[in-house]
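Please look over the sequence and the model shown below before reading on. The briefing that follows goes through the fold, the helix contacts and the pocket.

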Amino acid sequence: MTTARRPGAYVCGIDAAMDVIGGKWKVLILWALNQRPCRFGELRRLLPGVSEKVLASHLRELEADGVVHREAYDEVPPHVEYSLTPLGVSLNEALAPLGAWGRENVLGGVPTH
């Protein structure tokens, strides 16, 4: 599965990847979903400061790009759960060295999540 190509030519692979993960919240959403599937409210609690509107928008975009799966259960009250697709897992694996770099060079070796 590949992500949907957005309008405009990409300069390189990093440009294309940044189109998928661009913005403050998308990589944090991916990080949270790497831990386990989550409902919308759980994601809001895991990401203090994200607005409901931005979270919903980013989840829709990540779903359209094929990195997040949205599972709606036919229950009352409605139950929707978000999880990573195999493409999302591989994207998180690609981001892991970037997180290691940040811990070592910006946080000064302080262990985080």
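Which pattern does the protein chain follow when it is read along the sequence? The pattern is α-α-β-α-α-β-β-α, from five helices and three strands, where helices (H or I, at least four residues) and strands (E, at least two) are DSSP runs numbered from the N terminus. This is a predicted model, in which local features need pLDDT of at least 70 and side-chain atom pairs count only at pLDDT 80 or more, while totals for chains, interfaces and linings use all residues. Residues are numbered from 1 along each chain as its sequence is written, and side-chain values use heavy atoms, with hydrogens and water left out.

**The chain as a whole**
- Of the 113 residues in the protein chain, 27% are buried, meaning under 20% relative accessible area with a 1.4 Å probe and protein chains only.
- Among contacts (heavy atoms within 4.5 Å) between residues at least 6 apart in sequence, 45% join residues at least 24 apart.

**Helix α2 and its neighbours**
- The axes of α1 (residues 13–21) and α2 come within 8 Å and cross at roughly 75°, the axes being lines fitted to C-alpha atoms over the stretch in contact, with angles from 0 to 180 degrees between N-to-C directions.
- The two helices α1 and α2 are therefore roughly perpendicular, a term for angles of 65 to 115 degrees.
- In this contact Asp-19, Val-20 and Ile-21 of α1 meet Lys-26, Val-27 and Leu-30 of α2, and these residues divide into four nonpolar, no polar and two charged; Ala, Val, Leu, Ile, Met, Phe, Trp, Tyr, Cys and Pro count as nonpolar, Asp, Glu, Lys and Arg as charged, and the others, Gly among them, as polar.
- The axes of α2 and α5 come within 10 Å and cross at roughly 110°, which makes α2 roughly perpendicular to α5.
- Val-27, Leu-30, Trp-31 and Asn-34 in α2 meet Leu-91, Asn-92 and Leu-95 in α5, a contact with five nonpolar, two polar and no charged residues.

**The largest pocket**
- The largest pocket holds about 690 Å³ of space, a volume being the space filled by probe spheres set on grid points joined across faces, edges and corners.
- On a 1 Å grid over the protein atoms alone, a pocket is an open set of points where a 1.4 Å probe fits, with protein on both sides within 12 Å along at least five of seven lines, and lining residues have an atom within 4 Å of a point.
- Among the 21 lining residues, Val-27, Leu-28, Trp-31, Gly-99 and Arg-103 are the closest to the centre of the largest pocket.
- Helices α2 (26–35) and α5 (86–105) each supply at least two lining residues, and the largest share, nine residues, comes from α5.
- The lining of the largest pocket divides into twelve nonpolar, seven polar and two charged residues.

Note on methods
Parallel < 35°, antiparallel > 145°, perpendicular 65-115°, else oblique. Buried < 20%, exposed > 50% of the residue type's maximum accessible area, 1.4 Å probe, protein only.
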